[in-house]
Structures are given as C-alpha cells and as structure tokens.
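Here is a short report on one protein chain. Keep the structure open while you read.

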Amino acid sequence: MNQTTQSWWFIFYKDQLLLEKKNDGTYAIPYENHSPVTIKENTTVHNVATLEGKSCKAFSLPSPVEESEKYIMTGLRASYDYLPSLHYQTAGKAHEILHWDRNSRFCSACGTPMEQKESIMKRCPKCGREVYPSISTAILVLVKKKDSLLLVHARNFKGTFNSLVAGFLETGETLEECVVREVKEETGLDVKNITYFGNQPWPYPSGLMVGFIADYAGGEIKLQDEELSAGNFYTRDNLPELPGKLSLARKMIDWWIEHPNK
Ligand SMILES: [Zn+2]
C-alpha cells in the first residue's frame with residue numbers, strides 16, 4: 001500500500017470516537033497518512049469502508065485519548081452534531097465492525113480462534129464456519145389517532161424524552177406482524193393500515209431501525225410496566241420532550257408535525 005495515501009481514521013475507545021479539532025472550532029474525523037494515535041501491538045486495523053474516494057481505517061484503543069489542543073474524544077451519538085451525515089454514518093459502521101470483531105473471536109460451533117478473511121468476514125480454520133457482522137432489526141411505529149400521536153417513555157431511554165413504540169423483530173415474524181405485536185404488548189392497543197416510512201442503521205451496538213406509520217384501531221392504553229413508564233396520545237400543540245435529531249423516530253415525528261392532514 002502506498003504510504004503517502006491519506007485515510008480517514010475512525011479510532012474508538014468503547015463508544016468514544018476520536019475527533020480532530022479544526023482551526024475554525026469545528027471537529028472532524030482525522031484524515032492523515034498515518035494514525036494520529038500510536039497503534040499498539042496486536043491491534044487489528046480494519047478497512048471498513050470508502051468515504052469520498054478514500055479508505056476508512058478503524059481500530060479500538062485499550063484506553064481513552066486525553067483531550068489535547070488537537071484532539072478530543074466524544075460519544076458516537078454526540079458526534080452526529082459535529083460531523084457531516086455521511087461521516088457520522090461511516091463512524092457508525094466502523095463502530096459496528098469493531099463491536100463485531102470483539103465479539104466473534106472464537107468459532108461458535110467448535111471454539112477455535114477465528115481468522116479474519118475480509119473486512120466483514122471471518123472463517124474458522126478448523127471447521128470452515130464463516131461469520132459476518134449480524135444486524136438486529138427493530139421496528140419503530142408512529143401510531144396516529146385523529147389529530148394525535150402515541151408517544152411512550154421506555155425505562156431504558158437515556159433521558160427524559162418520549163418517543164415512538166419500538167421493539168426487536170422476532171424469528172419467523174414479518175415486520176408488519178412485529179409492529180402489531182409490539183404495540184399490543186407495550187400499550188395494549190390495536191393498530192391497522194401499517195405503511196412503511198423509512199429505515200436507518202442504528203449502531204448502538206449493531207442494529208437497523210425500520211419505521212412504520214399506523215392508525216389506531218381500538219383498545220385502551222395499558223402500559224407494559226416493566227418496559228414503559230409513560231405512554232399517551234399527544235396533539236401537535238401539546239408535545240412532550242422529543243428524542244434527539246439523529247434518530248429515525250425524531251424524523252418520523254417531525255414529518256407528522258409538518259403534515260397535519262396525514
Ligand atoms: Zn469452527
């Protein structure tokens with residue numbers, strides 16, 4: 001490889017991402033010939049993607065980098081506020097591959113140490129089993145009832161905001177069946193007229209969120225107490241605190257706010 005070729009460097013300590021401080025006060029993914037941080041022995045540097053025609057390298061640090069005049073570490077979620085969206089999305093991919101690498105060191109069939117064969121493939125040298133990063137699929141659903149929408153507060157939310165009903169797809173289930181089941185389990189409500197909205201990689205740690213719109217079809221709100229601490233229908237002029245701008249849930253809620261006739 002040409003040593004003078006610059007690369008994007010996605011360097012993580014857990015979910016903390018190294019960013020370079022620019023002269024104008026903004027932050028950016030380091031773009032340099034060599035890693036801005038010493039790469040310790042036995043560290044695998046992964047080629048995770050191509051960004052603006054240049055390769056993206058990623059590796060994990062055993063300890064965080066202290067803030068300096070040139071660098072700062074920030075949570076992956078928070079990096080959304082500082083980075084162009086494609087850079088944030090690539091950082092998410094790098095984070096998912098590093099997470100996968102840490103959690104696929106041994107063959108799940110025979111226990112032999114796995115060998116990295118491609119950026120997203122490992123093979124067991126003993127039994128030949130191949131593994132790829134696995135993605136957990138989850139649904140989000142915006143439930144409409146006349147001029148209001150259903151918002152809930154899940155106990156695992158990192159904050160006091162309210163958001164859409166969400167849940168993981170189960171084996172053997174269609175996405176629409178998952179929507180019906182999750183709304184019923186979490187709130188006791190029935191829904192109908194389920195339509196697709198959009199989707200978003202969700203690297204916390206390795207997911208894909210798939211968003212749907214649905215109409216309220218019946219039932220009284222009865223919250224699943226273990227998962228939710230609040231849940232109600234809200235009109236546009238009476239909305240509670242909403243999730244951050246980076247999430248698909250917020251994009252869906254904003255879409256609903258801006259389309260009062262939908
Ligand atoms: Zn094996």
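## The model

This is a predicted model: local features need pLDDT of at least 70, side-chain atom pairs count only at pLDDT 80 or more, and totals for chains, interfaces and linings use all residues. Residues are numbered from 1 along each chain as its sequence is written, and side-chain values use heavy atoms, with hydrogens and water left out.

## The whole chain

The protein chain has four helices and 16 strands. Helices (H or I, at least four residues) and strands (E, at least two) are DSSP runs, numbered from the N terminus. Along the principal axes, the C-alpha atoms fill a box of roughly 60 × 55 × 30 Å. Of the 262 residues in the chain, 42% are buried. Buried means under 20% relative accessible area, exposed means over 50%, and partly exposed lies in between (1.4 Å probe, protein chains only).

The accessible surface of the chain is about 14400 Å². Carbon and sulfur atoms account for 48% of that surface. Accessible areas come from the Shrake-Rupley method with a 1.4 Å probe; for residues, only the protein chains shown count as cover. Now take contacts between residues at least 6 apart in sequence: 60% of them join residues at least 24 apart. Contact means heavy atoms within 4.5 Å.

The chain carries 30 positive and 33 negative charges, and their mean positions are 3 Å apart. Lys and Arg count as positive and Asp and Glu as negative, while His and the chain ends are not counted. Each charge is placed at NZ of Lys, CZ of Arg, CG of Asp or CD of Glu.

## Domains

The chain is divided into domain 1 (7-102), domain 2 (104-133) and domain 3 (136-258). These bounds come from an automatic or database domain assignment. The centres of domain 1 and domain 2, taken over C-alpha atoms, are 25 Å apart.

How do domain 1 and domain 2 meet? Six residues of domain 1 are in contact with 10 residues of domain 2. The size of an interface is often given as the accessible area lost when the parts come together. Between domain 1 and domain 2, the buried area is about 670 Å², with 56% from carbon and sulfur atoms. Buried area is the accessible area (1.4 Å probe) that two parts lose on being put together, summed over both.

Helix 4 covers residues 248-258. Its buried residues are L248, A249, R250, M252, I253, D254 and W256. They pack against strand 11, strand 12, strand 14, strand 15 and strand 16 (228-235).

L175 is in helix 3 (residues 175-187). L175 counts as partly exposed because its relative accessibility is 27%. Leaving out residues up to four places away in sequence, L175 touches T137, I139, L169, V210 and F212. F10 is 165 residues from L175 along the chain, and their C-alpha atoms are 33 Å apart.

## Two residues in strands

W202 sits in strand 14. Is W202 buried or exposed? W202 is buried, because its relative accessible area is 17%. Beyond residues up to four places away in sequence, W202 touches R77, E96, G207, L208, M209, L246 and S247.

E115 lies in strand 8 (residues 115-118). At 36% relative accessibility, E115 is partly exposed. Neighbours within four places aside, E115 is in contact with M121, K122, R123 and P125. E130 is 15 residues away along the chain, with 9.5 Å between the C-alpha atoms of E115 and E130.

## Backbone details in loops

Most residues other than glycine have a negative phi, and most peptide bonds are trans. K14 is not a glycine, yet has a positive phi of about 55°. K14 lies in the loop between strand 1 (7-13) and strand 2 (16-21). K14 is exposed, with a relative accessible area of 58%.

K146 also has a positive phi, of about 50°, and is not a glycine. K146 is in the loop between strand 11 (136-145) and strand 12 (148-154). With a relative accessible area of 82%, K146 is exposed.

Where is P205? P205 is in the loop between strand 14 (190-202) and strand 15 (207-218). A cis peptide bond joins Y204 and P205, with omega about 5°.
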